[in-house]
Amino acid sequence: MLEAISLSISFGKLKAVDNFSMSIERGEVRALIGPNGAGKTTMVNLVTGVLKPDAGKVIMDGYNLSKLPTHKRIKLGLARTYQIPKPYYNLTVLENMLVSSHYGAGLKGEEALSNAIESLKFVGIYSLADKLAKELNSEQQKLLDFARALATRPKYLLIDEIGAGLGVAEQEELARKIRGLGKEGYGIIYIGHLMKMVKEVSDFVTVMNEGKKIFEGTYSEAVNNEEIIKIYLGESYAKS
Ligand SMILES: Nc1ncnc2c1ncn2[C@@H]1O[C@H](COP(=O)(O)OP(=O)(O)OP(=O)(O)O)[C@@H](O)[C@H]1O
Ligand SMILES: [Mg+2]
């Protein structure tokens, strides 16, 4: 189990994440939604050790990660994608993947290569393997980021917004793949604004607003909850 326990962080007077708790089991995909600025990405940064919380802790499979730097958390099986990906722009897609295979998954030689290729094929960007990362469009860069996270062979994966620039059919396929990863035994937190993808990815939803958890339950309970409709989904969603 991956547990974020009572995490808090303030930026000046803003409580970006405020006593927020959430946990996932391996084999479970859970969506985390909420309006812009709710604190979702900040929460990912706290869980992965990019930011240090003012209070709270992160426990993975019973092990307290709170004092570990990000690269050690990755080695232990925690991966994430970035809302704004940062590949090595002057390396090829495959070279980017090999970095994850080597340093994240600890693989060498042929094994590192086949692991990299497997993740590229899974995500559907193997045809881009020889392109430089800087030649990819923003959506392809997000898919590369997803592939890189998978190539570290994580137990838990935090996905921060992928799919936004894709067509509807591609979004559905991506969402199905993410759900499938859950069935394979990954524990996944999926952050997204596209409710179609959220619905496809997970039956369970956690809703965040102003740094706090305001709801946890099924997708259908969430989209019928008046408070959630008011603060996030809006009138247009309620009527659609
Ligand atoms: N490093 C920082 N310094 C100051 N304020 C920050 C910093 N990072 C985030 N914030 C603020 O914290 C709040 C939460 O931001 P965050 O990026 O976590 O929201 P989010 O839920 O991911 O939003 P979105 O859906 O737009 O991605 C916002 O008000 C944001 O401006
Ligand atoms: Mg965000």
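In what follows, Ala, Val, Leu, Ile, Met, Phe, Trp, Tyr, Cys and Pro count as nonpolar, Asp, Glu, Lys and Arg count as charged, and the others, Gly among them, count as polar. Please also keep in mind that the model we are looking at is predicted.

With that in hand, let me turn to the largest pocket, which holds about 480 Å³ of space. Its lining is made up of 20 residues, and those nearest the centre of the pocket are Ile 74, Tyr 82, Ser 100, Arg 148 and Thr 152. By the classes I began with, the lining of this pocket divides into nine nonpolar, six polar and five charged residues. Where does the lining of the largest pocket come from? At least two of its residues are supplied by each of α2 (70-76), β6, α3 and α5 (138-151), and, in terms of domains, at least three come from each of domain 1 (2-77 + 154-239) and domain 2 (84-153).

The largest cavity is another matter, with a volume of about 30 Å³. It is lined by Leu 2, Ala 4, Met 22, Val 47 and Ile 189, and its lining divides into five nonpolar residues, no polar ones and no charged ones.

Finally, I would like to follow one strand, β9, which covers residues 204-209 and is mostly covered, five of its six residues being buried. Which strands does β9 pair with? With strand β3 (residues 29-33) the pairing is parallel and runs over four bridges, and within it Ile 33 has Val 207 of β9 as its bridge partner. With strand β10 (residues 212-218) the pairing is antiparallel and runs over six bridges, and here the bridge partner of Met 208 is Lys 213 in β10. The hairpin of β9 and β10 has two residues between the strands, and in this hairpin Glu 210 takes a positive phi near 50 degrees.

Methods. Residues numbered from 1 in each chain as written. Chains lettered and ligands numbered in written order. Predicted model: local features only at pLDDT ≥ 70, side-chain atom pairs only at ≥ 80, totals over all residues. Heavy atoms only, no water. Buried < 20%, exposed > 50% of the residue type's maximum accessible area, 1.4 Å probe, protein only. Pairing = 2+ DSSP bridges. 1 Å grid on protein atoms, 1.4 Å probe; cavity = no way out; pocket = protein on both sides within 12 Å on 5 of 7 lines; lining within 4 Å. Points joined across faces, edges and corners; volume = space filled by probe spheres on them. Domains from an automatic or database assignment.
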